[in-house]
Amino acid sequence: MSDERLAQARAWMRQDPDHETRDELAAVITRAADGDDTAIADLDDRFSTRLAFGTAGLRGALGAGSNRMNRVLVAQAAAGFASYLRERAHGGTPTVIIGYDGRRNSRVFATDSAELFAGAGLRAILLPRLLPTPVLAFAVRHLGADAGVMVTASHNPPNDNGYKVYLGGADQGSQIVAPADAEIAAHIQRIADADDVSALPRSTVYETAGEDVVDAYVAATAAVAPAPASASDIRWVYTAMHGVGWETLSKIVAAAGYPQPMVVGEQLKPDATFRTVSFPNPEEPGAMDLAFARARRVQADFILANDPDADRLAVAIPDASSENGWRRLTGNEVGLLLGARAAKAASGTPGASLACSLVSSPGLGAVATHHGLDFHETLTGFKWISRAPGIVFGFEEALGYLVNPETVRDKDGISAAVAILGLAAEAHERGKSLADLLTELGDTYGHFASGQVSVRVDDLSVIGTVMLSLRTLPPSQFGGHTIASAEDLLQAGPGQPSGDVLRYRLTDGSRIIVRPSGTEPKLKVYIDAKAESAARAAEIVRELEAAVRALLEERS
């Protein structure tokens, strides 16, 4: 155990205002100083690096140390962000809105941030209570703020938390992109180098936003799809996945005129332990089992599920071929339903566009072409999608949808839910279901199918090894499907999306994309196919999924 590491840990502990993480670190330091190898390795993991601040802000496991989420790290981030905003304001007084969800320490981190922003001379406005991430994104635009901070780790594991940053003004309330991320990170590093956050000025003279901000979001979102008279007959189930979506959504459903859902009571209220799910993400196996069971009991028409901070939406429909009688739609299926809805409304509007991430279904491009709209393919993340010129709708396959860009420039699982309710009600008037709408999509725009292979790793170096292997020894086919062209987006041309992404186009028109996850320790592979029928497109996807799994097993 080096004296330098011990000194670093003790200095961190002295400035930590949180007795829980201070005691946690003191115990590790004591064991490490006594030569305990496990404690020494633990201390190295906590302090050999720090959570990097990037375009996704900060996100990581709670705990003591520079490589964890804690009050010291958040104080450094808040003070650094305040310094950046003051520099950007050129003598003005920046306004920053702070929101938080129901995760462990979210309110503490938000209050610390408000006090530090106020202490730095900013106008700090704390949202009135725990609320969905889209309400914070809305508030930045609605109040004309210079910036916003949302304390959330979205659908990450229970012991994670995060710090998500938005910019107002010319950025229109979108998440940050380069070079702002690097500039903010530099300001944060200068604060960290000073090595004592306890000396930072704080003030309790910050504002707490009134209910009028939430009411404005409710009104704007209810207007996305007011209910037709026939909507009173629809039967649906809702789960908040132990998050913060229910209170806000229920108000919007009432304001828009839809019947209230039958709810999954065990998951309705915020619960930082996420006790009924192993992983609080509607995409994960088992996460929606309670919703499926509830829907079977009440014979629902469909299920809507938000993730814990309600910026994502999952939709499920009855499916007799499924083991439990229900099937969760893919993010691409929901994205195409909502994209077609937006395209019909915007058809003929000069400059109007649809946008999606490059790993999302190419079917959205077909929808845009059909309706004479522009189409933009971006890097993954709504920080890019939300900046597409003329955007009227954007989505990414990971259950994220932007349906109301005039009010929220980020993914919004609540406004997306209202839009789906509108589609379901309109279909109901015609004696149709959401499943029928999917069939109509294929008949109109072509039959697209998508799949994904996701590999979670304990050692992040495995991901780098696989990506390097694919670059140095490129495959020529996937399970008998020949590769027509391969692109490495690290070598993308000017004006093209650039990133750690490999894209393969196959001779049959299918597409395979490989990339590391930006928020989780996963390697993700996205598969898209188009065919003469929905059944054949799905068959091609299954073949390619099997081939991809075999290749990844071989390369890792």
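**Entry 1. Ser353.** I began with a polar contact at Ser353: a polar atom of the Ser353 side chain lies 2.6 Å from the backbone oxygen of Pro389. I note at the outset that this is a predicted model. I then looked up the place of Ser353 and found it in strand β13, which covers residues 353-357. Is Ser353 buried or exposed? Its relative accessibility is 0%, and Ser353 therefore counts as buried, since the cut-off for that class is under 20%. I next listed its contacts, leaving aside neighbours within four places in sequence. Ser353 touches Asp374 and His376, and also Pro389, Gly390, Ile391, Val392 and Phe393.

**Entry 2. Ser469 and Arg555.** Ser469 has 14% relative accessibility, so it counts as buried. Which residues does Ser469 touch, not counting those up to four places away in sequence? I found Pro474 and Arg555. The side chains of Ser469 and Arg555 are joined by a polar contact of 3.0 Å.

I also looked up Thr465, which is found in helix α16. Thr465 counts as partly exposed because its relative accessibility is 45%. Thr465 and Arg555 are 90 residues apart along the chain, and I read a separation of 8.1 Å between their C-alpha atoms.

**Entry 3. Helix α6.** I examined helix α6, residues 133-142, for burial. How many of its ten residues are buried? The count is eight, and the helix is mostly covered. The buried residues run through Thr133, Pro134, Val135, Leu136, Ala137, Phe138, Ala139 and Val140. After α6 comes Gly144, for which I noted a positive phi, near 65 degrees.

**Entry 4. Helices α8 and α14.** Two packed helices are described by the angle between their axes and the distance between the axes. For α8 (residues 211-222) and α14 (residues 413-429), the axes come within 9 Å and cross at roughly 30 degrees. The crossing of α8 past α14 is right-handed. On the α8 side the contact is made by Tyr217, Thr221 and Ala222, and on the α14 side by Ile414, Ser415 and Val418. By class, I recorded four nonpolar and two polar residues in this contact, and no charged ones.

**Entry 5. Helices α4 and α5.** I looked up another packed pair, α4 (residues 71-89) and α5 (residues 106-119). Their axes are 9 Å apart, at an angle of about 35 degrees, and their crossing is right-handed. From α4 the contact takes Arg71, Val74, Ala75, Ala78, Phe81 and Ala82; from α5 it takes Val108, Phe109, Asp112, Ser113, Leu116 and Phe117. The contact of α4 with α5 has nine nonpolar residues, one polar and two charged.

**Entry 6. Nonpolar cores.** In soluble globular proteins, nonpolar side chains tend to be buried together. I looked up the largest nonpolar core here and found that it has 96 residues. Which of them touch the most other members? They are Leu304, Leu338 and Tyr401. Helix α14 gives the most to this core, with eleven residues. There is a second, separate core of 53 residues, which includes Ala9, Ala77, Ile98 and Leu126.

**Entry 7. Backbone exceptions.** Most residues other than glycine have a negative phi, and most peptide bonds are trans. I looked up exceptions to both.

- Gln172 is not a glycine, yet its phi is positive, about 60 degrees. I placed Gln172 in the loop between β5 and β6. Its relative accessibility is 34%, so Gln172 counts as partly exposed.
- His242, also not a glycine, has a positive phi of about 65 degrees. His242 lies in the loop between β8 (236-239) and α9. With 2% relative accessibility, His242 counts as buried.
- The peptide bond from Ala178 to Pro179 is cis, and I noted omega near 5 degrees. Pro179 is in the loop between β6 (174-175) and α7 (180-194).

Methods. Residues numbered from 1 in each chain as written. Predicted model: local features only at pLDDT ≥ 70, side-chain atom pairs only at ≥ 80, totals over all residues. Heavy atoms only, no water. Axes fitted to C-alpha atoms, helices over the stretch in contact; angles between N-to-C directions. Helix = DSSP H or I, 4+ residues; strand = E, 2+ residues; numbered from the N terminus. Left-handed = near helix turned anticlockwise from the far one by under 90°. Contact = heavy atoms within 4.5 Å. Nonpolar A, V, L, I, M, F, W, Y, C, P; charged D, E, K, R; others polar. Buried < 20%, exposed > 50% of the residue type's maximum accessible area, 1.4 Å probe, protein only. Polar contact = N/O pair within 3.5 Å; in protein donor to acceptor, adjacent residues only side chain to side chain. Core = buried A, V, L, I, M, F, W, Y, C linked by side-chain atoms within 4.5 Å.
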